[in-house]
Amino acid sequence: MLRTLTVPTAKRTEMIDVTDRVQGLVRDSNVRDGCVLCYVPHTTAGITIQENADPDVVADVLYKLEALAPRSDPRYRHGEGNSDAHIKASLVGSSVLVPVRDSSLVLGTWQAIYFCEFDGPRSRSLHVQLLAG
Amino acid sequence: MLRTLTVPTAKRTEMIDVTDRVQGLVRDSNVRDGCVLCYVPHTTAGITIQENADPDVVADVLYKLEALAPRSDPRYRHGEGNSDAHIKASLVGSSVLVPVRDSSLVLGTWQAIYFCEFDGPRSRSLHVQLLAG
Amino acid sequence: MLRTLTVPTAKRTEMIDVTDRVQGLVRDSNVRDGCVLCYVPHTTAGITIQENADPDVVADVLYKLEALAPRSDPRYRHGEGNSDAHIKASLVGSSVLVPVRDSSLVLGTWQAIYFCEFDGPRSRSLHVQLLAG
């Protein structure tokens with residue numbers, strides 16, 4: 001069954017750890033083994049797996065994405081001023097798929113699931129779909 | 001069941017909206033709820049989710065990918081002259097996975113599925129596989 | 001069933017073809033048709049699909065990732081000196097999903113599955129999960 005989380009964001013650009021909320025949906029589902037799809041239904045936000053031990057890692061990822069696709073670039077054509085957010089979304093991707101075993105996410109020791117806001121603050125959605133193995 | 005779409009491309013680099021064709025395969029399948037894998041069996045093409053309302057968004061994504069991995073770079077070793085296309089494919093990715101509910105793609109308001117040609121024009125393939133939820 | 005491959009790496013940065021090992025697990029599973037998730041449980045490694053015919057392609061991908069996210073950058077905050085590896089992992093992604101038909105990976109002619117080491121050498125893991133279609 002498709003479930004949807006609401007993810008409020010507070011800054012234009014930030015990465016929000018949604019691991020515990022996804023794990024909660026996995027635990028409540030009837031799929032014990034398989035995987036879970038986390039899908040972002042937006043074109044100026046994305047999702048990625050990253051380290052959650054040192055917050056500097058997330059800061060460095062956001063810094064580099066901004067360096068690669070700066071907010072302002074005279075060659076952007078799109079009139080809404082958020083072309084950088086669209087580009088970052090395609091670089092990072094709009095979904096992650098994580099294995100599930102015994103109703104638990106099979107994440108590495110340092111891994112967390114991060115919702116990536118690139119054009120906030122907004123109220124965002126995250127779709128979560130379990131797939132049996 | 002695995003189905004394959006043929007995607008003809010007309011330029012060296014372009015993004016082609018394949019949403020309606022994928023939706024057609026989803027509607028004709030016997031999977032009502034789950035997700036659909038769209039897989040590109042090429043190494044100089046990719047696939048991404050992006051906005052379909054303003055074509056300038058796609059133009060900006062292609063512009064930035066070219067800025068990050070220009071077609072010509074004296075440090076490329078590969079002799080075929082399409083190293084940029086291989087790099088863009090790994091940055092964007094070779095598949096997207098989209099939730100399906102009631103035999104419909106669960107896309108956000110502005111989302112479309114774009115086949116990304118990085119070394120055309122060619123006749124390309126796109127594999128589509130339904131997965132039950 | 002979730003299976004785990006051990007992937008030893010020999011350099012700080014390299015791409016290792018794991019296609020045959022994944023194919024072996026697919027052949028030994030009871031899923032004939034569907035797809036296979038290859039998931040990297042690390043935050044300084046990734047996985048991608050690329051060409052395996054000319055090793056220069058992989059060299060060019062690694063060269064460009066290093067150009068986009070150099071190992072040394074005075075603006076990185078993370079103290080371990082491997083921010084570039086984290087960034088590359090988020091750009092390339094931590095999983096690939098490949099269709100399976102008749103117990104065989106449905107890869108394009110030139111495609112191979114590459115484990116991407118960005119902060120080696122280490123002993124790495126790769127989770128492999130079959131999903132029925």
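In this predicted model, 29 residues of chain B are in contact with 30 residues of chain C. Put together, chain B and chain C bury about 2400 Å², with 60% of that area on carbon and sulfur atoms. On the side of chain B, the residues that lose the most area to chain C are Tyr39(B), Thr43(B) and Ser90(B), which together account for 23% of what that side buries.

Polar interactions also cross this interface: between chain B and chain C there are 14 residue pairs in polar contact, both residues being at pLDDT 80 or more, and the rule finds 1 salt bridge. That salt bridge joins Asp73(B) to Lys64(C), whose closest N and O atoms are 3.4 Å apart.

The elements that give two or more residues to the side of chain B that touches chain C are listed below.

| Element of chain B | Residue range |
|---|---|
| β3 | residues 34-39 |
| α3 | residues 83-92 |
| β5 | residues 95-101 |
| β8 | residues 123-132 |

The largest share of that side, 6 residues, comes from α3(B). Classified by residue type, the side of chain B that touches chain C divides into 15 nonpolar, 11 polar and 3 charged residues.

Turning to the arrangement of the copies, chain A is superposed on chain B by a rotation of 120° with 0.0 Å of shift along its axis, at an RMSD of 0.0 Å; the two copies are therefore related as by a three-fold rotation axis. The copies use different surfaces, since 14% of the contact residues of chain A recur in chain B. Of the residues of chain A, Leu91(A) comes closest to the rotation axis, its C-alpha lying at 3.4 Å.

How values were computed
Residues are numbered from 1 along each chain as its sequence is written. Chains are lettered from A and ligands numbered from 1 in the order in which they are written. This is a predicted model: local features need pLDDT of at least 70, side-chain atom pairs count only at pLDDT 80 or more; totals for chains, interfaces and linings use all residues. Side-chain values use heavy atoms; hydrogens and water are left out. Copies are superposed by least squares on the C-alpha atoms of residues with pLDDT of at least 70 in both. Contact means heavy atoms within 4.5 Å. Buried area is the accessible area (1.4 Å probe) that two parts lose on being put together, summed over both. A salt bridge is a side-chain nitrogen of Lys or Arg within 4 Å of a carboxyl oxygen of Asp or Glu. A polar contact is a pair of N or O atoms within 3.5 Å; within protein, one must be able to donate a hydrogen and the other to accept it, and residues adjacent in sequence count only if both atoms are side-chain atoms. Helices (H or I, at least four residues) and strands (E, at least two) are DSSP runs, numbered from the N terminus. Ala, Val, Leu, Ile, Met, Phe, Trp, Tyr, Cys and Pro count as nonpolar, Asp, Glu, Lys and Arg as charged, and the others, Gly among them, as polar.
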